[in-house]
Amino acid sequence: MTLEPERPMVEIRGLGRRYGESWAVRDVSFDVRRGEIFGIIGPNGAGKSTTIKILAGLLAPTEGEAVVNGMRCDDPRHKARIGYLPEESPLYEDMTAGAYLRFFARLYEVPRAEAQRRIDSALEALQLDEDARDGKKIGDMSKGMRRKVAIARSLVNDPDLVIYDEPASGLDPVASAYILDLVRSLARRGKTVVFSAHNLFHMERICDRVLILRKGEVVALGSMKEIREATRGTQYVATVSVPIAEASPGEKGFEVTVESLEAVKGVEKRALDAGGRLVEVRTKDMTLEEIFLRTTAKA
Ligand code: ADP
Ligand code: MG
């Protein structure tokens, strides 16, 4: 028996979106596999929200195709199966979290008992206490708490795919670490997660694969390992026994960081010329942050 390869959860092909004369994103293609945590990263204006809104079926592409779960993103059946968190989520200020979530569950026609179960479990996972559920009005909540309520809302329809636009942005480190942990637990429960970020806080640790956008174009795509290979994100630290130019003192001698094995040979030659020798060579993987700064800074 042969197993058919499973169709990816998200299939984006040659996607482009234009506003007037300028393209917000252009020629963007990627897949997201089922159960994967997929990060879209890039500086402000890179096209993250545009891509995410197209995925969520809120914005029509100018060119190309966006398919989720085998359905085009503008298909209403698709929208019923996703959980979308916008960059800024307006909430009903006068409602309590519990009332607000029950209201959305009714919109999605979730049976009452099931809705209460999901709401309780989301609020518990988000550590919103009794007061936050049914005492405090949303308008009186902190920014972090409001974000949690918006996330709980994205889960009331028990989506297969969650699409979160900068879920942790603007939150203090504790609240953002909390939300990123939640993202992981959603993936453990079998959901596919696509989320964006303009900084790299925890992205490397959390994402299975990432897409790096800059000015609407793809600059890198893949697992950290693949991105390192593609962007030459591996460096070599050569330790030599003598202080040659650009070397800095290290534990076993003087260290020079270079980006290829040829360059290591050059360092060795300079050490020999100075009467010393090559002591050791270590590889050092660049962090996602270093790769990001390098790929997004290119003119
Ligand atoms: P990001 O979320 O990465 O910050 P966006 O997708 O919001 O980026 O924006 C990408 C580009 O598209 C930016 O140059 C932005 O100014 C432009 N853009 C986004 N929305 C609109 C709009 N409604 N009208 C005109 N330009 C827009
Ligand atoms: Mg944005």
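Residues are numbered from 1 along each chain as its sequence is written, and chains are lettered from A and ligands numbered from 1 in the order in which they are written. Because the model is predicted, local features need pLDDT of at least 70 and side-chain atom pairs count only at pLDDT 80 or more, while totals for chains, interfaces and linings use all residues; side-chain values use heavy atoms, with hydrogens and water left out.

The magnesium ion (ligand 2) is coordinated by S49 through OG and by E87 through OE, at 2.1 to 2.7 Å. Donors here are N, O and S atoms within 2.8 Å of the metal (3.2 Å for Na, K and Ca), and sites may look incomplete because water is not among the atoms. S49 belongs to helix α1 (residues 48-55) and E87 to the loop between β6 (82-85) and α3 (97-107), so the pair ties together parts that are 38 residues apart in sequence. Helices (H or I, at least four residues) and strands (E, at least two) are DSSP runs, numbered from the N terminus. S49 is buried, with a relative accessible area of 16%, whereas E87 is partly exposed at 38%; buried means under 20% relative accessible area, exposed over 50% and partly exposed in between (1.4 Å probe, protein chains only).

The residues around ligand 1 are Y19, A24, P43, N44, G45, A46, G47, K48, S49 and T50, a residue being near a molecule if one of its heavy atoms lies within 4 Å of it. Helix α1 gives the most to this shell, with three residues. By class, the shell has four nonpolar, five polar and one charged residues, where Ala, Val, Leu, Ile, Met, Phe, Trp, Tyr, Cys and Pro count as nonpolar, Asp, Glu, Lys and Arg as charged, and the others, Gly among them, as polar. For T50, a polar side-chain atom is 2.5 Å from an oxygen atom of ligand 1. The protein covers 56% of the 560 Å² of accessible area that ligand 1 has on its own (Shrake-Rupley method, 1.4 Å probe).

Turning to α1 itself, seven of its eight residues are buried, so the helix is largely enclosed by the rest of the structure. The buried residues are K48, S49, T50, T51, I52, I54 and L55. After α1 comes G57, whose phi is positive, near 80 degrees.

The structure also holds six aromatic pairs. Y92 and Y100 form an edge-to-face pair, 5.6 Å centre to centre with 80 degrees between the planes. Rings of Phe, Tyr and Trp (its six-membered ring) pair if their centres lie within 6.5 Å, and planes under 30 degrees apart count as stacked, over 60 as edge-to-face and the rest as tilted. Y92 is partly exposed, with a relative accessible area of 41%, while Y100 is buried at 0%. For F103 and F104, the ring centres are 5.4 Å apart and the planes at 85 degrees, so this pair is edge-to-face. F103 is partly exposed at 26% and F104 is buried at 11%. Ring pairs link Y92, Y100, F103 and F104 into a cluster.

Finally, I119 sits in helix α4 (residues 112-125) and is buried, at 1% relative accessibility.

Conventions. Polar contact = N/O pair within 3.5 Å; in protein donor to acceptor, adjacent residues only side chain to side chain.
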